[in-house]
Amino acid sequence: MEDISKKLRISSLELSHRCQDGNLQSVFSCLDIVWTLYDKVMHWSYALAQDEDRDFFIISKGQATLALFPVLIEKGMFSMEELSEIGSFQSRFCIQTDRTKFQGGVENNAGSLGHGMPFAAGIAAANKIKRSPSKVFVLAGDGEFCEGTMWETCLFASERKLDNFCVIIDDNDSAKAMVHMGSLQNKLESFGFDVFPAPGHDLSALASVFSGIFNDNGKPKAVIAQTVRGYGSRTMMENDIWFHKAPDETELALLIREVQQF
């Protein structure tokens, strides 16, 4: 695992420990995706964070918000010190994004699953009307596709020919706990999407996939990233107690050590 991936995971662990909350399995499964988008793919920077023609990143799987903050810290949007009281009443930082507390950098309010994708499609539709070059990326979980709003959004994005819209599915095998989904690729293609499989923990391969997805064919895009819950920590990969658990001091030290040695 690359050094930047380890650094981001350690930051997520420290933030989860500070606020004593978080879904670290979900965070670790998508961190490499979020970093690749901000570092290699999106037309976005700290200076462009409020530019009308910036690319947008919408986090629909809000339980993975602790994957976003470390990336924004690396990109100069915040400092780690600013998140010292994350999760407290007086802090604007919590484990679900709240765009009302930020001037750029955080694009949506997260919470109930199935809301971020339609929000993102609305932005993409508006940008089409404005003829903006902006692209809109939305991160969703595979289990999130059990929500009806996801498929309603697929219909809308296809009918409106939103080829400036891309949903990235963090396919970490969570859906099977609820329902057998069958082939997500076949389903999305039947809704009119261009679909691209990708290895979700290979930064170079992810960047390569994203570099070739956009064209003017009128089809919305979907990247299905194959990931592993808790990737980067043996303990979190093997024990589902970390589905929603924050580390204490001893566990924090153990998990950091595992990430460093992974």
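Tutor: Contact means heavy atoms within 4.5 Å. This is a predicted model, in which local features need pLDDT of at least 70 and side-chain atom pairs count only at pLDDT 80 or more, while totals for chains, interfaces and linings use all residues. Residues are numbered from 1 along each chain as its sequence is written, and side-chain values use heavy atoms, with hydrogens and water left out.

Student: Which residues does D194 touch, not counting those up to four places away in sequence?

Tutor: D194 touches N215, N217, K219, P220, K221 and A222.

Student: Is D194 buried or exposed?

Tutor: Buried means under 20% relative accessible area, exposed over 50%, and partly exposed in between (1.4 Å probe, protein chains only). D194 has a relative accessible area of 15% and is therefore buried.

Student: Where is D194 found, and what is its bridge partner in strand 5?

Tutor: Helices (H or I, at least four residues) and strands (E, at least two) are DSSP runs, numbered from the N terminus; two strands pair if DSSP finds at least two bridges between them. D194 belongs to strand 4 (residues 194-199), and K221 is its bridge partner in strand 5. Strands 4 and 5 run parallel and are joined by six bridges. Strand 3 (residues 165-171) also pairs with strand 5 in the parallel sense, over six bridges, and I169 stands opposite I224.

Student: Why is strand 5 described as largely enclosed by the rest of the structure?

Tutor: Five of its six residues are buried, so strand 5 is largely enclosed.

Student: How many residues has the largest nonpolar core?

Tutor: A nonpolar core is a set of buried Ala, Val, Leu, Ile, Met, Phe, Trp, Tyr and Cys residues joined through side-chain atoms within 4.5 Å. The largest has 56 residues, and those with the most contacts inside it include F57, I168 and F210. Helix 2 (residues 24-41) supplies the largest share, ten residues. Apart from this core lies another of 28 residues, among them I58 and L184.

Student: What is the volume of the largest pocket, and which residues are closest to its centre?

Tutor: On a 1 Å grid over the protein atoms alone, a pocket is an open set of points where a 1.4 Å probe fits, with protein on both sides within 12 Å along at least five of seven lines; lining residues have an atom within 4 Å of a point. Grid points are joined across faces, edges and corners, and a volume is the space filled by probe spheres set on the points. The largest pocket has a volume of about 340 Å³. Of its 19 lining residues, Q63, G143, S174, M178 and F243 are the closest to its centre.
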